[in-house]
Amino acid sequence: MADRSARLIRMKGPEDKDSILKAVQDVFDKDTWWRYTAESVRDFEKRFARARDCEYGVSICNGTVAVDVALRGLGIGPGDKVVLPAYNFYSLPKSVANVGATPVFVDVCRDNPTISAEETRKVLDSGVKAVIAVHIAGAVAELDKLGEICRDAKVALIEDCAQAAGAVYGDKHVGSWGSVGIFSFGGVKLMTSGQGGMVTTSDPDLYERCYAIVNRGSDPRGGVNRLGIVGDNYQMSVLAAAMLEPQLDLLRENGEKREQVMRFLDREIVKLDGLFPLQQFAPVRSRAQMRYAFLCRRGGSDAKHTEAFVRMAKEKGVPFDTRFYTTIANDERLFRRYATETMFPMAKRAEDEIVAVWHWDVMRGIDYWGKALESLR
Ligand SMILES: Cc1ncc(COP(=O)(O)O)c(C=O)c1O
């Protein structure tokens, strides 16, 4: 716990921690912290959604549940299929199973661990009701192509932005390209309240349905929803929303520095033997990732070599990490029947080759990283 808060402070500086503490204190002073819902939470939802180029936001207790809510809000259930990438955060396929739908895995892009638009196109049939694009491990998905494919096929595009809270693709923020965006404010995210999440959309009906599911069947205007949704209680606490409110500005303020360091790392990484930057899609203006990532091909595409490289870097004090996501085929015992290792060669390469740096370490700055990379030559 102490370690987590130390990361938060290092990431944002002591004055920023003060603004978070003040926001929490204000809620205590107004004596609204104990409420199930409060105006301050609704205000945060609106501000967050607008900052992501969306009309509506529904705050939620975490990002895992946010995916379930998005699927339920879209009316996806038994008999439906949902397309998602084979290299993924492990809770995503479970969300699909939770609503009774069938996951359809597809491979990711070459040198970019997000869902391949071309592979997605191949699996779309009348049973598919949604595609989930996950912005993951340092990369933003190819949203213009995926958006077009989903529009043509009349299926919903869900964007999982848990790792990319402020990323911009073309002229819009991620989370606004599809029918619905989901966000996480878990402990290691760019904005964090320890636990927390959000669903964003510009569709008023979808908003009402998601709101009812999260808020025990209520209507955003008050009273019981007119849709007959019974709903659950997946609400964010008032204290969590208070912690997050000042971080919206901090995310933007830190964004420029984060991007500069990431671009520096892209340029410099390639000068080291066997290391390559991820391929980013041209419209990506800001990747706003909770991790910077690159590819290690020392001795070919082989997890053992990548692990040996990361061990060597760690011994020199360079904070690299590897193997935090695996292909569904390797990891998800529940979903192995849908996938074998050889079915998704690009996902396997991502699993074996990706090396990453946490965002609080990215924020150590260009001088730090210049010296760190020098030590690895
Ligand atoms: C891509 C992705 N989706 C969903 C989640 C789930 O979010 P949470 O940890 O808030 O449940 C995470 C968490 O790290 C994630 O990385």
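A residue is called buried if 20 or more other C-beta atoms lie within 10 Å of its own, exposed if 12 or fewer, and partly exposed in between, with C-beta atoms placed from the backbone. Helices (H or I, at least four residues) and strands (E, at least two) are DSSP runs, numbered from the N terminus. The model is predicted: local features need pLDDT of at least 70, side-chain atom pairs count only at pLDDT 80 or more, and totals for chains, interfaces and linings use all residues. Residues are numbered from 1 along each chain as its sequence is written.

I begin with helix α4. Of its 11 residues, spanning 63-73, 11 are buried, so the helix is largely enclosed by the rest of the structure. Among them are Asp68 and Arg72. Just after α4, Gly75 takes a positive phi of about 80°.

I turn next to the sheet. Three strands form an open antiparallel sheet in the order β9-β8-β13, where pairing requires at least two DSSP bridges between two strands. At the edges lie β9 (172-173) and β13 (284-286), each pairing on one side only. Strand β8 (residues 168-169) is joined to β13 by 2 bridges, and Val168 has Ser286 as its bridge partner in β13.

Finally, the domains. An automatic or database assignment sets the bounds, giving domain 1 (2-105 + 113-246) and domain 2 (254-374). Their centres, taken over C-alpha atoms, are separated by 24 Å. Contact (C-beta atoms, placed from the backbone, within 7 Å) links 30 residues of domain 1 with 33 of domain 2. On the side of domain 1 that touches domain 2, α1 gives the most, with 3 residues.

Notes:
Two residues are in contact if their C-beta atoms, placed from the backbone, lie within 7 Å.
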